[in-house]
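Q: Please take a close look at the aromatic pair in this model. How are the two rings arranged, and where do they sit in the chain?

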Amino acid sequence: MAEFTVINTQEEFDERIKERLQREAAKYEKYTSPEGLEKINAEHKKEIDKLNETITKHKKDIADRDAKIKGYETDSAKTRIARETGLSYEAIDYIQGSDEEAMKKSAEALKALIGSGKSAPPLGDPEPAPSSDPTAAAWSSFSKELSTE
């Protein structure tokens, strides 16, 4: 093992650590030279662009899923409101509104329009007036007799 010698001057100290400083400087040369910095910058830009594309794709996927979920929630609310107001399943497509309160008002208005689903009896005879043709009159009276039995 080498014998320890005391360093008395700054020049001796600089001479002894010169090689070590050169090794350390070589490790970080790419970070201090303009060419090295440009290369590192280009690599980082590529990575940032790739990550931004991934983020954009994920944001689009999230937006699509949010839209689907909102659609499912709206359909569920419409179904529940239609059931509560006594509307048929087919009437769900006609319920409008962006929130539950508006949907309830729409369902109640629709219910008032279509009523209970039973149609009112006709005001008059739905059969056309008998013609002057005796054969048509005979068939008409015959069909009326059949329906009353």
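A: **The aromatic pair and its setting**

The chain has 5 helices and 0 strands. Read from the N terminus, the order of the elements is α-α-α-α-α. The model is a predicted one, and the mean pLDDT of the chain is 86, with 87% of the residues at 70 or more.

Now to the part you asked about. The structure holds 1 aromatic pair. The two rings belong to Trp139 and Phe142; their centres are 6.1 Å apart and their planes meet at 80 degrees, so the pair is edge-to-face. The reasoning rests on a cut-off: planes over 60 degrees apart count as edge-to-face.

Both residues of the pair, Trp139 and Phe142, are in helix α5. They are 3 residues apart, which is about one turn of the helix.

The two residues fall into separate classes of accessibility. Trp139 has a relative accessible area of 59% and is exposed, because the class of exposed residues begins over 50%. Phe142, with a relative accessible area of 42%, is partly exposed.

A word of caution belongs here. Helix α5 covers residues 134–148 and has the lowest mean pLDDT among the elements of the chain, 78. The highest, 94, belongs to helix α3, residues 34–85. Where pLDDT is low, predicted coordinates should not be read in detail.

Two other places can be set beside the pair. One is a nonpolar surface patch of about 320 Å², made by Tyr28, Tyr31 and Leu37. Of these residues, Tyr31 lies in helix α2, residues 29–32. Tyr31 is partly exposed, with a relative accessibility of 44%.

The other place is Lys105, found in helix α4, residues 100–114. Lys105 counts as exposed, at 55% relative accessibility.

Finally, some totals for the chain. Of its 149 residues, 10% are buried. The accessible surface comes to about 13400 Å², and carbon and sulfur atoms hold 56% of that surface. Among contacts with a separation of 6 or more, 17% are between residues 24 or more positions apart.

In short, the pair you asked about is an edge-to-face arrangement of Trp139 and Phe142, with both residues in helix α5.

Note on methods: Residues numbered from 1 in each chain as written. Predicted model: local features only at pLDDT ≥ 70, side-chain atom pairs only at ≥ 80, totals over all residues. Heavy atoms only, no water. Patch = residues over 30% accessible without salt bridge, like charges linked within 9 Å, V, L, I, M, F, W, Y side chains within 5 Å. Areas by Shrake-Rupley, 256 points an atom, 1.4 Å probe, with all protein chains shown as cover. Salt bridge = Lys/Arg side-chain N within 4 Å of Asp/Glu carboxyl O. Helix = DSSP H or I, 4+ residues; strand = E, 2+ residues; numbered from the N terminus. Buried < 20%, exposed > 50% of the residue type's maximum accessible area, 1.4 Å probe, protein only. pLDDT = per-residue confidence, 0-100. Phe/Tyr/Trp six-rings, centres within 6.5 Å; stacked < 30°, edge-to-face > 60°. Contact = heavy atoms within 4.5 Å.
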